Amino acid sequence: MRDAYGVGDEAEEFEQSKRTGHVDLDPTARWWPDWQGMVRETVGRGVMMRRSRIVSEPVTDYIR
């Protein structure tokens, strides 16, 4: 439920994405392995993961 993103070590990538319109979806990018590992472990225990987004309007750059 965030309208802004405040993860400091990803700020540079976020700013670059805003400038260029490019979103890095490369599964070998530095931030994916931790996330993928957590998802694999969680789903492996039989837990169903879901995500929902509540969007305020007007949308912020992060949500856009």
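Which side chain meets Glu 41 in a salt bridge? I looked this up and found Arg 45, with 2.8 Å from N to O. I noted the rule for the term: a side-chain nitrogen of Lys or Arg lies within 4 Å of a carboxyl oxygen of Asp or Glu.

**Basis of the entries.** I recorded that this is a predicted model, in which local features need pLDDT of at least 70 and side-chain atom pairs count only at pLDDT 80 or more, while totals for chains, interfaces and linings use all residues. Residues are numbered from 1 along each chain as its sequence is written, and side-chain values use heavy atoms, with hydrogens and water left out.

I next looked up the accessibility of the pair (buried is under 20% relative accessible area, exposed over 50%, partly exposed in between, with a 1.4 Å probe and protein chains only). Arg 45 is exposed at 54%, and Glu 41 is partly exposed at 43%. The count by the rule is 2 salt bridges. I found another between Lys 18 and Glu 15, whose closest N and O atoms are 3.1 Å apart. Both residues lie in helix 1, 3 residues apart, or about one turn of the helix. Helices (H or I, at least four residues) are DSSP runs, numbered from the N terminus. Lys 18 is partly exposed, with a relative accessible area of 39%, and Glu 15 is also partly exposed, at 37%.

**Nonpolar patch.** I then asked which residues form a nonpolar patch on the surface. They are Trp 35, Met 38, Val 43, Val 47 and Met 49, with about 410 Å² of accessible area together. The area comes from the Shrake-Rupley method with a 1.4 Å probe, and for residues only the protein chains shown count as cover. A patch is made of residues with over 30% relative accessible area and no salt bridge; nonpolar side chains (Val, Leu, Ile, Met, Phe, Trp, Tyr) are joined within 5 Å, and like charges within 9 Å. I located Val 43 in helix 2, residues 32-44. Its relative accessible area is 45%, so Val 43 counts as partly exposed.

**Gly 8.** I placed Gly 8 in the segment before helix 1 (11-20). Gly 8 is exposed, at 61% relative accessibility. I also looked up its separation from Met 48: the two C-alpha atoms are 29 Å apart, and the residues are 40 apart along the chain.

**A cis bond.** I noted that the peptide bond from Glu 57 to Pro 58 is cis, with omega near 0°. Most peptide bonds are trans. Pro 58 lies in the segment after helix 2.

Conventions:
Helices (H or I, at least four residues) and strands (E, at least two) are DSSP runs, numbered from the N terminus.
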